[in-house]
Amino acid sequence: MKKIGVFYGTTSGTTAGVVDELEFYLRKNDYEVHNVADGISSLSEYENLILVTPTYGVGELQADWENVYDEFCKIDFTGKVVGLIGLGNQYAFGESFVGGIKVLYDVVINNGGKVVGFTSTEGYHYEESEAVIDDKFVGLAIDEGNQGDYTPEKIQNWVSEIKPEFN
């Protein structure tokens, strides 16, 4: 398996904590972590990607992702395999739970990439989400505030599922 590029944006630090947990389960693999606040110029160098964003507003990207969005939209994802992790609060923002990953998903798909790691919506209590296609989230949905005890196991299972899909 080729090197994995992990790209994330964080405002409060919660997403950085989830990325730390992700790193624990990637520790036996070749990977590099990038905070998108520092730019995404190296993103095109990876064939295997994990993109992580919390959702703000009504299904919107986190501010650092917003700042690089125009550049992100110009990336050719042909031949790239991408896993998505979205953070959100299913109760306080149940009308747009983890919607930020759908924004990233749309760009990856429209620019030729393959998204892996769709996950079940079971066990979540939200009103609706743009990030659901065919009754599955387009990536791993994390609610640290309400279900943080489940995060390590969710990440472990998800990483085990997506690694065989990587180039």
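**A buried spot in a loop**

Mentor: Happy to! V98 counts as buried, because its relative accessibility is 0%, and buried means under 20%. Keep in mind that this is a predicted model. You can find V98 in the loop between β5 (81-87) and α3 (100-110). Its backbone deserves a look too: phi of V98 is positive, about 45°, although V98 is not a glycine. Most residues other than glycine have a negative phi.

Now set D134 beside it. D134 is also a residue other than glycine with a positive phi, near 50°, and its place is the loop between β8 and β9 (136-137). D134, however, is exposed, because its relative accessible area is 72%.

In α2, which covers residues 63-72, the buried residues are D64, W65, V68 and F72. Looking down the axis of α2, you see these buried residues within an arc of 85°, so they line one face of the helix. N67 and D70, on the other side of α2, are exposed.

Let us turn to charges. E127 sits in the loop between β7 (119-120) and β8 (132-133), and it counts as exposed because its relative accessibility is 62%. Together with E95, E128 and E130, E127 forms a negative surface patch.

Side chains of opposite charge can pair when their charged atoms come close. The model has four salt bridges. One of them joins K2 to E47, with 3.0 Å between the closest N and O atoms. K2 is in the segment before β1 (4-8) and E47 is in the loop between β2 (31-35) and β3 (48-56), so this pair ties together parts 45 residues apart in sequence. K2 is partly exposed, with a relative accessible area of 45%, and E47 is partly exposed at 30%.

Another salt bridge pairs E32 with K3, again with the closest N and O atoms 3.0 Å apart. Here strand β2, which holds E32, is linked to the segment before β1, which holds K3, and the two residues are 29 apart.

K114 and E165 also form a salt bridge, with 3.2 Å between the closest N and O atoms. K114 belongs to strand β6 (residues 114-116) and E165 to the segment after α5 (151-162), so you are looking at a link between distant parts of the chain, 51 residues apart. K114 is partly exposed at 42%, as is E165 at 37%.

Notes:
Residues are numbered from 1 along each chain as its sequence is written. This is a predicted model: local features need pLDDT of at least 70, side-chain atom pairs count only at pLDDT 80 or more; totals for chains, interfaces and linings use all residues. Side-chain values use heavy atoms; hydrogens and water are left out. Patches are made of residues with over 30% relative accessible area and no salt bridge: like charges are joined within 9 Å, nonpolar side chains (Val, Leu, Ile, Met, Phe, Trp, Tyr) within 5 Å. Accessible areas come from the Shrake-Rupley method with a 1.4 Å probe; for residues, only the protein chains shown count as cover. A salt bridge is a side-chain nitrogen of Lys or Arg within 4 Å of a carboxyl oxygen of Asp or Glu. Lys and Arg count as positive and Asp and Glu as negative; His and the chain ends are not counted. The place of a charge is taken as NZ of Lys, CZ of Arg, CG of Asp or CD of Glu. Helices (H or I, at least four residues) and strands (E, at least two) are DSSP runs, numbered from the N terminus. Buried means under 20% relative accessible area, exposed over 50%, partly exposed in between (1.4 Å probe, protein chains only). The arc is that of the directions from the helix axis to the C-beta atoms.
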